[in-house]
Amino acid sequence: MEQDIQTDNHHASHLEHPENEACYTGLQVNTGVEQPPAINPYMKRRRRPQLTVADYVEGILAGNPAILGQAVTLVESKAPEHQQVAQEVIERCLPHAGRSRRIGITGVPGAGKSTSIDVFGMHVLKRGGKLAVLAIDPSSERSKGSILGDKTRMEQLSVHPRAFIRPSPSAGSLGGVARKTRETIVLCEAAGYDTVFVETVGVGQSETAVHSMVDYFLLIQLAGTGDELQGIKRGIMEMADGIVINKADGDNIERANLAAAQFRNALHLFPMPPSGVLPEVMTYSGYYGINIEAVWDMIDRYFDAVTRSGYFEEKRRNQERYWMFETINEQLRLNFYNNPEVSAMLEVKERNVRLSRQSSFTAAAEVLDFYFSQLKSNS
């Protein structure tokens with residue numbers, strides 16, 4: 001028996017190692033020792049305990065950043081069971097929310113938004129309180145992947161104990177993760193963060209969505225790019241409560257001052273904003289930390305003015321109304337697309353439209369008629 005095993009091993013050795021053939025005299029290669037598995041088979045994987053709604057609320061109100069992060073993950077999840085828990089948590093946190101300054105920050109890619117947020121954030125934290133930064137990161141339209149690298153560019157804030165940074169992928173949607181971001185703001189405020197920055201991707205219509213959830217909208221511009229006037233777009237300029245020209249340092253100071261003058265002239269051509277406060281234009285350098293305090297004094301002046309006039313509360317109420325209708329629209333859309341019969345019909349209609357058998361308008365009308373007839377029959 002032992003001889004048979006040795007013969008089998010010898011045969012296997014010849015199959016694996018041709019060097020053991022008779023023609024290679026004086027050379028012997030052994031099979032070797034079988035390698036143990038990379039993962040310890042005796043190790044039991046510890047699962048994170050499932051938190052209840054009460055656990056989440058208690059942790060958030062206590063200012064626990066780990067539990068806050070888990071709650072935000074629930075909010076961002078598309079799983080129906082996660083959404084149900086998330087909505088309950090948000091509902092319970094609402095009475096503790098609303099006591100913060102919400103500041104939206106936008107600008108073209110490369111304007112230095114993340115560096116500026118790092119510097120502005122440290123200035124805010126020096127005055128006390130807590131800061132939450134919600135950075136909407138652009139996702140790839142093809143792979144739907146996102147780098148989520150903003151945190152790496154906020155070197156000081158990322159290690160500060162009173163700062164909470166949460167990058168979220170925009171997933172290619174026009175408003176980024178607008179609704180999810182707004183719900184995250186509620187959780188952050190309940191956790192005691194009295195200043196909230198919302199950074200946009202700086203492209204598309206994400207600015208409009210962010211503008212509808214913040215109290216102050218700061219537009220970061222650049223000078224010396226040879227295209228200053230291109231930045232004066234009516235839509236984004238009308239939304240801005242303040243405009244700052246970044247990288248006003250070294251040889252670029254004169255160009256930054258010229259750009260600031262052009263923006264001030266352009267603002268006088270627009271009607272007075274609903275706040276009754278004409279947007280100010282300032283220059284600064286995020287990299288060198290120049291004029292940071294002056295920029296923040298500008299923001300303080302705005303908040304003082306709108307608080308005295310009552311516009312601050314009025315804007316918050318209008319935003320609540322806006323998000324009520326946005327939530328209704330979102331739920332109607334989900335109800336439509338998650339209907340299995342509608343999905344099956346959409347596939348057929350899409351094929352017909354692609355093959356030019358039917359126009360896109362009649363195909364859409366037929367699908368909608370079918371959906372509405374379903375609703376009538378179920379009621």
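These legends describe close-up views of a predicted model. Residues are numbered from 1 along each chain as its sequence is written. In this predicted model, local features need pLDDT of at least 70, side-chain atom pairs count only at pLDDT 80 or more, and totals for chains, interfaces and linings use all residues; side-chain values use heavy atoms, with hydrogens and water left out.

**View 1. The protein chain holds 14 helices and seven strands.** Helices (H or I, at least four residues) and strands (E, at least two) are DSSP runs, numbered from the N terminus. Of the 379 residues, 44% count as buried. Buried means under 20% relative accessible area, exposed over 50%, and partly exposed in between (1.4 Å probe, protein chains only). The chain exposes about 22300 Å², and carbon and sulfur atoms supply 54% of this area. Accessible areas come from the Shrake-Rupley method with a 1.4 Å probe; for residues, only the protein chains shown count as cover. Contact means heavy atoms within 4.5 Å. Among contacts between residues at least 6 apart in sequence, 73% join residues at least 24 apart.

**View 2. Strand β6 (residues 242–246) is covered on both faces.** Five of its five residues are buried. In a regular strand, side chains alternate between the two faces of the sheet. Gly242, Val244 and Asn246 lie on one side of β6, and Ile243 and Ile245 on the other.

**View 3. β6 pairs with strands β5 and β7.** Two strands pair if DSSP finds at least two bridges between them. Strand β5 (residues 216–222) runs parallel to β6 over five bridges. Here Leu222 stands opposite Asn246. The pairing of β6 with β7 (residues 280–283) is also parallel, over four bridges. In that pair, Ile243 stands opposite Val281.

**View 4. Trp323 is buried in helix α12 (residues 311–337).** Its relative accessible area is 6%. Not counting residues up to four places away in sequence, Trp323 touches Ala178, Arg179, Arg182, Ala209, Ser212 and Met213. The C-alpha atoms of Trp323 and Met213 are separated by 8.6 Å, although the two are 110 residues apart along the chain.

View 5. A salt bridge is a side-chain nitrogen of Lys or Arg within 4 Å of a carboxyl oxygen of Asp or Glu.

**View 6. Arg102 and Glu189 form one of ten salt bridges in the structure.** Their closest N and O atoms are 2.8 Å apart. Arg102 lies in strand β1 (residues 101–107) and Glu189 in helix α7 (residues 178–190), so the pair ties together parts 87 residues apart in sequence. Both residues are buried.

**View 7. Asp215 and Arg316 meet in a salt bridge (2.8 Å, N to O).** Asp215 lies in the loop between α8 (206–211) and β5, and Arg316 in helix α12, so the pair ties together parts 101 residues apart in sequence. Both residues are buried.
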